[in-house]
Amino acid sequence: MVMVLGSKSKLDISLGIEVYGTSTRGTGGVLRKRLEDFVVEEVPLHGGTSGNLTLLVVEKKGIDTLTAAVMLSKKLKIPLRDIGFAGLKDTRSISLQRFTVKVPENFDFSSISNEKLKVIGIYKAKKHLRPGMLLGNSFTITIRDINLPMNEVEGIVAETLSQLDVLGGVPNFYGYQRFGINRPNTHIVGKLLIKGDYEKAVMEILATPYPHEPKSHREARTFLAETMDFKRALKKFPKSLIFERQMIKWLVKRPNDYLGSLRVLPKYLLTLHVDAYLSYIFNKALSERLRKLGSLRKVMEGDIIAKCDAYGNPVRPTSIAKSPHMDLKEDQVILAFVPASVKVRVEGYMSELILSLFRLEGLEPPFNSLEDLGLHGRLGLLRQLAFKPLNLSYAVETSALTVKFTLPKSSYATTFLREIMKPEDPIAAGF
C-alpha cells in the first residue's frame, strides 16, 4: 500500500482530483514557457491508404482541435460535421493531428495552411475519424524554471517513478483540459444539463465570467449577467466566441427558449459538457479508492478487469472479479463505469462508490434529460483506473527537465506531469 498525498490545489479539488498517487516533494517548475515546450503527436490506428475521403495530417500551433476543425471547415467550404478527428489535443502546444474531410477528387490544399495550421501530409481514408480512433499520443515536454539542484530533480523523478510502479501505474484522472483551463466549468454545465436546468446551464455558458479568460470575454459575460439583454450583448460578445454568439442569436429571436439555444450547439459540444460531469464523478471515485486502498493493483470484488494492447489500451472481453484482494497481472487494468442513460445494479466496490457519489449530488442515473438534448443512447464512461507511460526517458539540464513518453489514448500527459511537479497553482505552473 502506497501512502497517497492530498492535493493542496483548490482547482484540483474542485475537479475531483483530490490526491496524488505519490508522496514525493515535487520538482515544481513551469510548463509551456514556449510553445515548443509541449509537443504532442498522435499515434494513429493502422489503416489502409485508399478510400473516398481525404486524411490530412495537420500541424497546429497554439489552437485547440475544435478551432482547427472550424478553420478547415471555412477553408474547405464544407460543413463542420463533415470533418472528423480522433480526439482533442492541447491548445497550448504544437500538435500533429489527423483530420478526415470529404472534398472533390484532386482538391488543391496548397492554400489552406497558415502560421497556426499547416497541412504536412495528405492521404486517403475509407471512414471518417471519430473520437477514440487512435492508439495513443507521444509527447516531448520541457518543464522550465525549476529552482532545485539537478541531482535533487533527478532524485525526485526517480523516486516518483518508483512509487508509481509500486502503486500500479499513474492514476488515470481526467486532466485539467477536460474541464477547461481558463473556464473550468464544463462539469458544472454538464451537471445542469443532466438535471434539466437548461436556463442555468445557458447562463453558466454565456454569462459567468472566470478570472483567467480575456478581459473582453469577461466584460461581455458580465454585461449579459447584469442586463439579461441578449440583443445588446450580441454586440459585445467577441466574434471569436462563435458558439456563444450562436446561442445568443437564437435567444434574441426566441426569448426564454433556453433548450432551443442549447440545441444549436454541435452534439459533440453538448456531449463534452455531459461527459465532463461524468469525468468529475470518476475523478472523485478514483481519489476515494486511492485514499482507502493505496493501490491500483489490488482488485476488489465486482471490479471490471481487462487485458491491454501494446499501448496500454484495454481490450475486450472484460471480466468481473469474483473475489477481492487479488493482484492484477502486469498486462491487466481495472476499469470503472460511470453511467449516464442506463440504470445499473449496485454491485461491486467501484459501482457502489460511484452511485453513492451521484446520490450525494442529488442525482441518480439514468438521466432522462439527455433525450431532450438529442443525446439519448449516451450510456456513460468506461475508463481504466491507471496507465503506464511507454518509451519513457528524461533529461535534466540547468533549471529544466525534458520528459519523453507515449500514453494510451484518452490519458492525459498533464496527469502524469502533475505527479512529478506537484503544483499548488496548476494554472500558474502552465497546466
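This is a predicted model: local features need pLDDT of at least 70, side-chain atom pairs count only at pLDDT 80 or more; totals for chains, interfaces and linings use all residues.
## Packing of α6 and α7

Helix α6, which covers residues 198-207, packs with helix α7, residues 215-227, at an angle of about 140°, and their axes lie 8 Å apart. Angles count as roughly antiparallel when over 145 degrees, and α6 and α7 are therefore oblique to each other.

On the α6 side the contact is made by Met-203, Ile-205, Leu-206 and Ala-207, while α7 contributes Arg-221, Leu-224 and Ala-225. Sorted by class, the contact of α6 with α7 has six nonpolar residues, one charged residue and no polar residues.

## The four-stranded sheet

An open sheet is formed by four strands in the order β13-β12-β15-β16, with antiparallel pairing. Strands β13 (314-320) and β16 (380-384) stand at the edges with a single partner strand each, so one side of each is left without a neighbour in the sheet. From one strand to the next, the twist averages 35°.

Strand β12, residues 304-308, is joined to β15 by four bridges, and the two run antiparallel. Across this pairing, Lys-307 stands opposite Gln-332 in β15.

Gln-332 belongs to strand β15, which spans residues 332-339. Because its relative accessible area is 17%, Gln-332 is buried, the cut-off for that class being under 20%.

Leaving aside residues up to four places away in sequence, Gln-332 touches Ile-305, Ala-306, Lys-307 and Cys-308.

Methods: Residues are numbered from 1 along each chain as its sequence is written. Side-chain values use heavy atoms; hydrogens and water are left out. Axes are lines fitted to C-alpha atoms, for helices over the stretch in contact, and angles run from 0 to 180 degrees between N-to-C directions. Angles under 35 degrees count as roughly parallel, over 145 as roughly antiparallel, 65 to 115 as roughly perpendicular and the rest as oblique. Contact means heavy atoms within 4.5 Å. Ala, Val, Leu, Ile, Met, Phe, Trp, Tyr, Cys and Pro count as nonpolar, Asp, Glu, Lys and Arg as charged, and the others, Gly among them, as polar. Buried means under 20% relative accessible area, exposed over 50%, partly exposed in between (1.4 Å probe, protein chains only). Two strands pair if DSSP finds at least two bridges between them.
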